[in-house]
Amino acid sequence: MEKILITGGAGFIGTNLALDLVRNPGNNVIIFDNLSRPGVEKNLRFLLSHGYKNLEFIKGDIRNYKLVKEITIGAKSIFHLAAQVAVTSSVNDPIYDFQVNATGTLYLLEACRQNSRNAMFLFASTNKVYGDLSHLKIKQTSTRYKLVERPDGISENELLDFHSPYGCSKGAADQYVRDYFRIYGMKTVVFRQSCIYGPYQHGNVDQGWVVHFILQNLSCNPITIYGDGKQVRDILHVKDLIDAYKKVMRMPEQCAGKIFNIGGGTKNSFSLLELISIIEKITGKKMKYGFDNWRPGDQKVFISQNKKIKREINWRPRISGYEGIKELIKWITLHPEFYSG
Ligand SMILES: NC(=O)c1ccc[n+]([C@@H]2O[C@H](COP(=O)([O-])OP(=O)(O)OC[C@H]3O[C@@H](n4cnc5c(N)ncnc54)[C@H](O)[C@@H]3O)[C@@H](O)[C@H]2O)c1
């Protein structure tokens with residue numbers, strides 16, 4: 001049996017990953033999570049309800065170095081997803097944000113160096129490491145902003161420019177993960193993820209905007225748009241992300257030390273206003289919304305170029321934004337138990 005450790009494994013991406021990996025009886029999946037994100041306890045209950053023999057849950061905090069050392073013993077693959085995930089919360093409490101995202105990642109890397117040095121170590125980083133990209137020329141249409149000089153999206157060669165405490169803490173972790181390949185020869189991989197969406201996501205006003213918008217639309221509640229709503233994101237269905245994770249897991253030598261931008265790409269890019277129209281069309285309900293100030297570091301456009309990841313691991317997104325949103329709305333409607341109480 002191969003031990004696979006998923007930190008933050010009860011969260012949105014972690015739950016989808018765990019559900020996929022446990023289907024292979026050769027995998028021994030360990031979920032490590034402190035259940036601090038509201039709603040993820042429902043994901044965990046669901047995961048454990050199947051009685052999978054090859055799935056184990058360990059409740060703990062990534063800031064607990066002693067425990068982190070124990071869980072890494074014998075791991076063949078490590079997916080590091082545990083994080084403080086919201087920019088807004090990072091502004092309110094930058095020290096906590098740093099301790100979880102930066103120190104927590106360093107603890108895990110060090111523990112891995114001592115106990116599972118040969119493991120594949122994938123870190124879920126973020127497009128926020130590129131800052132607000134305000135140096136790039138932008139034009140606007142009636143519904144969206146467009147990047148004039150980067151028509152096919154942002155590549156890994158864009159300058160790093162950490163902006164917001166969340167950007168700084170994830171960016172520091174991103175660089176540590178990369179450096180553990182250079183200095184210690186560990187098989188570390190960094191995924192700079194765009195906006196991921198799908199089932200088991202407990203989106204709220206601070207993070208997970210696609211699900212947040214859908215939930216508010218379905219329950220006829222108003223939302224606030226921070227900025228003018230023309231900001232664009234390339235959305236990626238979590239199933240497509242998991243496919244890329246598994247590809248990396250199967251070729252750790254080839255991916256070691258690499259950084260990949262990963263997102264839905266230009267074809268799956270939407271402005272907030274455009275996504276609202278799509279949700280309205282699918283549900284048949286009008287969205288109520290108002291506007292407020294821009295959030296710190298918010299990019300007017302982020303679209304991942306995806307060329308490097310296509311070239312290196314032959315991956316591309318397969319689920320179209322429209323179909324993915326339609327499927328997700330149906331899933332949410334059929335699974336109210338994940339969102340009630
Ligand atoms: N979802 C996205 O759009 C997106 C985009 C870019 C990057 N990411 C990154 O991907 C990773 C997973 O994101 P997600 O959307 O699944 O978020 P999530 O909030 O659903 O999952 C994160 C999990 O980490 C756990 N956690 C938080 N602090 C912890 C701690 N101190 N110790 C142990 N566990 C802790 C939470 O309880 C939660 O279950 C995060 O690192 C996030 O920064 C996500």
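## Basis

Residue numbers start from 1 along each chain, as its sequence is written. In this predicted model, local features need pLDDT of at least 70 and side-chain atom pairs count only at pLDDT 80 or more, whereas totals for chains, interfaces and linings use all residues.

## Overall build

The protein has 12 helices and 15 strands (DSSP runs numbered from the N terminus; helices are H or I with at least four residues, strands are E with at least two). Its radius of gyration is 19 Å, close to the 20 Å of the globule rule for 341 residues, so the protein is as compact as a globular protein of that length. That radius is taken over C-alpha atoms, and the rule is 2.2 Å times the number of residues to the power 0.38. The C-alpha trace spans about 55 × 45 × 40 Å along its principal axes.

Of the 341 residues, 48% are buried. A buried residue has 20 or more other C-beta atoms within 10 Å of its own, an exposed one 12 or fewer, and a partly exposed one a number in between, with C-beta atoms placed from the backbone.

## The seven-stranded sheet

An open sheet of 7 strands, paired in parallel, has the order E3-E2-E1-E4-E5-E8-E12. Strand E3 (55-59) and E12 are the edge strands, each pairing on one side only. Two strands pair if DSSP finds at least two bridges between them.

Strand E8 (residues 187-193) has 7 of its 7 residues buried, so the strand is largely enclosed by the rest of the structure. Lys187, Val189, Phe191 and Gln193 point one way from E8, while Thr188, Val190 and Arg192 point the other way. E5 and E8 run parallel and are joined by 7 bridges; Met120 stands opposite Lys187, and Phe123 stands opposite Val190. E8 also pairs in the parallel sense with strand E12 (residues 258-262), over 5 bridges, where Gln193 stands opposite Ile262.

## The ligand shell

The shell around the ligand holds 27 residues, of which Gly8, Gly11, Ile13, Ala83 and Ala124 come nearest. A residue is near a molecule if its C-beta atom, placed from the backbone, lies within 6 Å of it. Helix H1 (12-21), helix H5 (94-115), strand E5 (120-126) and strand E9 (195-197) give two or more residues to this shell, and H1 gives the most, with 3.

By class, the shell has 14 nonpolar, 9 polar and 4 charged residues. Ala, Val, Leu, Ile, Met, Phe, Trp, Tyr, Cys and Pro count as nonpolar, Asp, Glu, Lys and Arg as charged, and the others, including Gly, as polar.
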